[in-house]
Amino acid sequence: MLNLIGKQIGDWTVINEAERKGRFRFWICRCKCGTEKLFTTSYLNTNKATCCDACKQKKIELYDIELAKKYVGTTYDKLTIVEYLGKNQYGSRKWLCKCQ
């Protein structure tokens with residue numbers, strides 16, 4: 001019988017087996033941030049379960065900040081990007097620019 005307890009899959013660690021539902025085996029997994037979630041054996045084996053939604057959002061924000069650093073100081077026509085201001089409510093990036 002397959003035992004996944006202790007196995008690390010992305011940021012998830014399998015901590016225990018949960019109750020079976022029909023023919024599916026479920027596993028209780030804990031993300032590195034402490035979030036717990038149930039996954040089937042087959043889903044864990046696809047390697048799609050890399051991290052929880054909160055950690056995924058943090059990774060996206062860190063990526064945006066790193067990406068933004070590349071653009072600061074870049075000039076387009078007469079506008080020079082001075083600072084990255086984050087995203088607006090629609091997800092578009094906002095920039096502080098200086099006109100030359």
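**Strands, rings and charges**

Guide: With 34% relative accessibility, Y71 counts as partly exposed. Keep in mind that this is a predicted model.

Visitor: How many aromatic pairs are there, and which type is the pair of Y71 and W95?
Guide: The count comes to four aromatic pairs. For Y71 and W95, the ring centres lie 5.9 Å apart and the planes make an angle of 70°. Planes over 60 degrees apart count as edge-to-face, so the pair of Y71 and W95 is edge-to-face.

Visitor: Which parts of the chain does the pair of Y71 and W95 tie together, and how many residues apart are they?
Guide: Y71 belongs to helix α2, residues 53-71, while W95 is in strand β7. The pair therefore ties together parts whose separation in sequence is 24 residues.

Visitor: Is W95 buried, partly exposed or exposed?
Guide: The relative accessible area of W95 is 27%. Buried means under 20% and exposed means over 50%, so W95 is partly exposed.

Visitor: The rings of Y84 and W95 also form a pair; is that pair stacked, edge-to-face or tilted?
Guide: Here the ring centres of Y84 and W95 are 5.1 Å apart, with planes at 55°. Stacked needs planes under 30 degrees apart and edge-to-face needs over 60, so the pair of Y84 and W95 is tilted.

Visitor: Where do Y84 and W95 lie, and how many residues apart are they?
Guide: Y84 is in strand β6, which covers residues 79-87, and W95 is in strand β7. Their pair links distant parts of the chain, with a separation of eleven residues.

Visitor: Is Y84 buried or exposed?
Guide: Y84 has a relative accessible area of 18%. The limit for buried is under 20%, so Y84 is buried.

Visitor: What is the strand order of the open sheet of three strands, and which strands stand at its edges?
Guide: The sheet has antiparallel pairing and the order β5-β6-β7. β5 (75-76) and β7 each have a single partner strand, so one side of each lacks a neighbour in the sheet. The edge strands are therefore β5 and β7.

Visitor: How many bridges join β6 to β7, and what is the bridge partner of I81?
Guide: β6 and β7 run antiparallel and are joined by seven bridges. I81 has its bridge partner in β7, and that residue is C97.

Visitor: Which residues make the nonpolar surface patch, and what is its area?
Guide: One of its members, L96, is found in strand β7 (residues 93-99) and has 38% relative accessibility, so L96 counts as partly exposed. Patch members need over 30% relative accessible area. The patch is made by V82, L85 and L96, and its area is about 230 Å².

Visitor: Which strands are at the edges of the open sheet of four strands?
Guide: This sheet has the order β1-β2-β3-β4 with antiparallel pairing. Two of the strands pair on one side only. They are β1 (8-9) and β4 (36-40).

Visitor: How many bridges join β2 to β3, and which residue stands opposite W12?
Guide: Strand β2 (residues 12-17) and strand β3 (residues 26-31) run antiparallel, with five bridges between them. In β3, the residue opposite W12 is C31.

Visitor: How many salt bridges does the structure hold, and what is the closest distance between N and O atoms for K32 and D11?
Guide: The structure holds seven salt bridges. One of them is formed by K32 and D11, and their closest N and O atoms are separated by 3.9 Å.

Visitor: Which residues are linked with K32 in a network of salt bridges?
Guide: K32 counts as exposed at 63% relative accessibility, whereas D11 counts as buried at 14%. The residues linked with K32 in the network are D11 and K59.

How values were computed: Residues numbered from 1 in each chain as written. Predicted model: local features only at pLDDT ≥ 70, side-chain atom pairs only at ≥ 80, totals over all residues. Heavy atoms only, no water. Patch = residues over 30% accessible without salt bridge, like charges linked within 9 Å, V, L, I, M, F, W, Y side chains within 5 Å. Areas by Shrake-Rupley, 256 points an atom, 1.4 Å probe, with all protein chains shown as cover. Salt bridge = Lys/Arg side-chain N within 4 Å of Asp/Glu carboxyl O. Buried < 20%, exposed > 50% of the residue type's maximum accessible area, 1.4 Å probe, protein only. Phe/Tyr/Trp six-rings, centres within 6.5 Å; stacked < 30°, edge-to-face > 60°. Pairing = 2+ DSSP bridges.
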